[in-house]
Amino acid sequence: MVPGEENQLVPKEDVFWRCRQNIFDEMKKKFLQIENAAEEPRVLCIIQDTTNSKTVNERITLNLPASTPVRKLFEDVANKVGYINGTFDLVWGNGINTADMPPLDHTSDKSLLDANFEPGKKNFLHLTDKDGEQPQILLEDSSAGEDSVHDRFIGPLPREGSVGSTSDYVSQSYSYSSILNKSETGYVGLVNQAMTCYLNSLLQTLFMTPEFRNALYKWEFEESEEDPVTSIPYQLQRLFVLLQTSKKRAIETTDVTRSFGWDSSEAWQQHDVQELCRVMFDALEQKWKQTEQADLINELYQGKLKDYVRCLECGYEGWRIDTYLDIPLVIRPYGSSQAFASVEEALHAFIQPEILDGPNQYFCERCKKKCDARKGLRFLHFPYLLTLQLKRFDFDYTTMHRIKLNDRMTFPEELDMSTFIDVEDEKSPQTESCTDSGAENEGSCHSDQMSNDFSNDDGVDEGICLETNSGTEKISKSGLEKNSLIYELFSVMVHSGSAAGGHYYACIKSFSDEQWYSFNDQHVSRITQDDIKKTHGGSSGSRGYYSSAFASSTNAYMLIYRLKDPARNAKFLEVDEYPEHIKNLVQKERELEEQEKRQREIERNTCKIKLFCLHPAKQVMMENKLEVHKDKTLKEAVEMAYKMMDLEEVIPLDCCRLVKYDEFHDYLERSYEGEEDTPMGLLLGGVKSTYMFDLLLETRKPDQVFQSYKPGEVMVKVHVVDLKAESVAAPITVRAYLNQTVTEFKQLISKAIHLPAETMRIVLERCYNDLRLLSVPSKTLKAEGFFRSNKVFVESSETLDYQMAFADSHLWKLLDRHANTIRLFVLLPEQSPGSYSKRTAYQKAGGDSGNVDDDCERVKGPVGSLKSVEAILEESTEKLKSLSLQQQQDGDNGDSSKSTETSDFENIESPLNERDSSASVDNRELEQHIQTSDPENFQSEERSDLMVHVDKRITLAAFKQHLEPFVGVLSSHFKVFRVYASNQEFESVRLNETLSSFSDDNKITIRLGRALKKGEYRVKVYQLLVNEQEPCKFLLDAVFAKGMTVRQSKEELIPQLREQCGLELSIDRFRLRKKTWKNPGTVFLDYHIYEEDINISSNWEVFLEVLDGVEKMKSMSQLAVLSRRWKPSEMKLDPFQEVVLESSSVDELREKLSEISGIPLEDIEFAKGRGTFPCDISVLDIHQDLDWNPKVSTLNVWPLYICDDGAVIFYRDKTEELMELTDEQRNELMKKESSRLQKTGHRITYSPRKEKALKIYLDGAPNKDLTQD
Ligand SMILES: [Zn+2]
């Protein structure tokens, strides 16, 4: 809206200033010319190449004449660093939010000076990737650039902010001989997604496996059959295509991770590389089922081994065949402090049999007695791609910490596995053996079961267990052709860091050029075999087992070998060998990348700025974001904004303009006269996605004209004070200059509001309660503290008050009161007497809150425009809701002078007056006004509202007294509740406190009922229902008093519970107990006294718990815990059951648990529940996740810390076996649990990544450990 002519004043100084500006500009030009002639100012540019680790610490310095075009700067930089111009960006490096600044335009002819470079100062720039692609090296410059190129590339460069960039990994002293750009290695990196740690290493390894990549490419995705988003093979295929063809330095893995559905970092924490492989392979097998590749994964990755027990007396052997995807190798033998020196040693140990003798003797089926036996594993078949897992992560059960073993373990580049294959002629003529598949599905490897399982199976020669579809297997069986089991290392997955965390990357040998590369997230670099050796692990010294637990180092945790077999070793498919669908995919991805690039190009030329507009009809402030190309003119931008704000039907386009605006200060900074054809990029000072200022689409009525707002002007809202009438008028806006003196400013105001300047007093309100009389005529507004948007009070009359010291003046008192008066909305109880005609109370009190004088209080009758407010407020809410702006405007006709004429002091606070004056004044106030008059603020249906203006320095007691006539009862008979934003109500009970915590437009609800006396507390009583889905149910409000016993309070509750909740309870069948958030706590005993034994506060909450029988809690030394039995064989939790203990002894707890459950004492295992009551946990996690059987003897010590009633204890029978789940059952259960736990708001707060001792995966799910027990 155009500010009205009468209240907008353009300072006279305007002309003067314009002249001065012109002179200044002229001088500047002259000065520059002179300077140019003599010595042109120079711009010092300091450029840091951030595309690369070494150069980050080196700087390129250019000292250029200020008139140098930006284009030339790029050329110079390109020459100096050896990149092709146009393949890198330069961005500001010393700005506050550099991320926000667009890169410099490498084609710009602008001079450095015009591009905001500062002569004589250091101008910092960063050289960055352009559109995610690395700078291209200038090749023709090779002779000169050779050295620099070589120096520049060292070490993997972690990106800032990436999770992996912990200091331990940054500081790794990897002296890679040369690290090459994508253009030189030819490989694309993967962006670090923070939570997916080992994913990138695995993906790059699979990509670099010719047999895997080629097979993946052969499969064709059928869009009609499946959602591409959730298809793991398809997303993998896309990723591979991008890895092969993208021009970027690194690409995202988000689409792949999305296809996994592991969306949280937690999911990634809980699974490991093996499980990731398993999921991926399962998905692929599913797809390949009907194709020639059906068994490809197994052929590539799956090996077979035999798990046997052999009686040493009769030679009878029980055995079974298992398959594996990787061989887990322990770093140190169990109980030893010496690590295995090499993987070969560890492999030998893996197949080293164990003698079962003494108490471990084995029951021989044949001998029908316990005999000494030999138990062990034998490799029957090694897969084509052999994975060795180095078990560097372990869990220390004494300290309960995850540890990392950093011991040195060497591994060869070529590994001869023929020494590990089983060539022993087993004969085992009497053996009753198993079928392969049956055993696999069983997946059971316990030695005690084995004899049973196997003896019942039909005798099948073990040879059958070996499939004959591949030549290698036959060979491996015979073990004769030794060199056919030579394996070649091609992938080393490395972990850098400690057990607590770190970084994962992979060193992979390319089968196309036999070169080793480091794939470290977005950085791919060439490395040497020496670098591989460095991953063997450090410090083979005599450091203790635990000292290395938290030590950080870089070492291999997984190795992948490929069998050397010319007949099978594949090469990567060449582009022309691609199947048709891959060619199409490549094309599609390339187009997408191009499109993305074009989009970024548009983005980088688009100014994004906040746009405001006070809708001329609706009178609401609208906010939007204007996105405009930098080359669009102001005129075009106005048209865009006009359409964006939907003003086409409202006003003509030529009644709109864009002005520079500061929404925060509500300050109209400047208008843009004569700039209609200026490009927006120039007008806004560059392309940015956020600006320090905003734009306002200003509108005018056809008969009005726009005024020009000059930069440098400030806005002043002038409130005229009438001493006689004790009123403060709504503001009028004027524009002034900071270098104006107070005298000049007075004259300006005098003209605007027609009051004499001679007697004028101006008071500046700088912030709340900071009133400053502008008393020095020659001081400038700037010196007085004026800023962009200011508020002043102006008084000019012939009174003696003028001569008084400001602090003693009537004016001061008036303003002080004005500042402290707040408007409150009071919701009265419906029963309150309706005989009161006035619904608006005016509460005035002096500054001294202790001296509330009845004389100060005036309940005013309707005066002037107030009449309508009161009338409306007196009406029912229905009418109140129809209080629309339109009505008000009709009535008042927008005459702004009217408000200044009304005589009531308080009326400035009344919506009507504020509104009709501000309508012509200022957008901001209007907006605020509209909010306050929103009928939604009066939410009562039955009740009636009261709008109260009150000095917030009075006490609650005084306030209540003043409300008495409106409520109709004595203040001791009603309660005051403050209503918060969430519609929550809290009772205000401190009668001696002032209302200073209240602010304008706060809402208050008055409820009838006995107000609390001293020493009384309002208490919310909740029922504790331990076995309900929602265990905490609100019952009622009650009053407890200091000195009362718990029994007395219970007696008082009984009738209330009956009436209000329909609960019929007898005194000894319920108890009260402490409530902390949702957690049940101390059980209160009947003789406990409030405020002596039990602390109460205002708005206290307490649990009421109905008892099944008589109260077992008789003394403070007892402890009541809530126990819950976990039944692993049924995957079920029993309901809660209370256990009352006489002491904190663990033994007693175990005895009691044994008593209630019937589990033998020695088989009881227990764990403390985690988190907020009811300590929910997924039944899939409970068996492993809780800390079962803490090694303590009392409950009140770490890690249990059970010192109060209400703790949750889970217990189980340790002989009860965990239910075996099929994949479907597991998925079903997972779904069920996640929906159940979501409902109860359960969150997993703690889940250490589980490390299993030794595991071998069978065909189905990950299975039981082989070596445990
Ligand atoms: Zn035997």
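**Loops, a zinc site and a helix pair**

User: Where does Asp521 lie?

Analyst: Asp521 sits in the loop between β20 (516-520) and β21 (523-527). Strands here are DSSP runs of E with at least two residues, helices are runs of H or I with at least four, and both are numbered from the N terminus. The model is predicted, so local features need pLDDT of at least 70 and side-chain atom pairs count only at pLDDT 80 or more, while totals for chains, interfaces and linings use all residues. Residues are numbered from 1 along each chain as its sequence is written, and side-chain values use heavy atoms, with hydrogens and water left out.

User: What's the phi of Asp521?

Analyst: Near 50°, a positive value in a residue other than glycine. Most residues other than glycine have a negative phi.

User: Is Asp521 buried or exposed?

Analyst: Buried, with a relative accessible area of 5%. Buried means under 20%, exposed over 50% and partly exposed in between, using a 1.4 Å probe and protein chains only.

User: And Gln619, where is that found?

Analyst: In the loop between β23 (606-614) and β24 (621-629). Gln619 has a positive phi too, near 60°, and counts as buried at 6% relative accessibility.

User: Switching to peptide bonds: what's the one from Phe1173 to Pro1174, cis or trans?

Analyst: The bond from Phe1173 to Pro1174 is cis, with omega near 5°; Pro1174 is in the loop between β47 (1164-1168) and α33 (1182-1185). Trp1198 and Pro1199 are also joined by a cis peptide bond, with omega about 5°, and Pro1199 is in the loop between α33 and β48 (1208-1213).

User: Now the metal. Which residues are the protein donors of the zinc ion?

Analyst: Cys311, Cys314, Cys364 and Cys367, each through SG, at 2.1 to 2.4 Å from the zinc ion. Donors are N, O and S atoms within 2.8 Å of the metal (3.2 Å for Na, K and Ca), and water is not among the atoms, so sites may look incomplete. Along the chain, the donors follow the spacing C-x2-C-x49-C-x2-C.

User: What does the pair Cys314 and Cys367 tie together?

Analyst: Cys314 is in the loop between β7 (303-311) and β8 (317-324), and Cys367 in the loop between β11 (362-364) and β12 (369-371), so the pair ties together parts that are 53 residues apart in sequence. Cys314 is partly exposed, with a relative accessible area of 24%, and Cys367 is partly exposed at 24%.

User: What's the geometry of the zinc site?

Analyst: Tetrahedral, with angles of 105 to 121° among the four donor atoms. Four donors count as tetrahedral if all angles lie between 85 and 135 degrees.

User: OK, helices. At what angle do α7 and α9 pack?

Analyst: Helix α7 (residues 199-207) and helix α9 (residues 232-245) pack at about 75°, with their axes 11 Å apart. That makes α7 roughly perpendicular to α9, a label for angles of 65 to 115 degrees. Axes are lines fitted to C-alpha atoms over the stretch in contact, and angles run from 0 to 180 degrees between N-to-C directions.

User: Which residues in α7 and α9 meet?

Analyst: Leu203, Gln204, Leu206 and Phe207 in α7 meet Leu236, Leu239, Phe240, Leu243 and Gln244 in α9. Contact means heavy atoms within 4.5 Å.

User: And which residues does Ala283 contact?

Analyst: Leaving aside neighbours within four places in sequence, Ala283 is in contact with Ile232 and Pro233. Ala283 is in helix α12 (residues 273-288).

Conventions
Angles under 35 degrees count as roughly parallel, over 145 as roughly antiparallel, 65 to 115 as roughly perpendicular and the rest as oblique. Four donors count as tetrahedral if all angles lie between 85 and 135 degrees; four count as square planar and six as octahedral if opposite donors are over 155 degrees apart and all others between 65 and 115; anything else is irregular.
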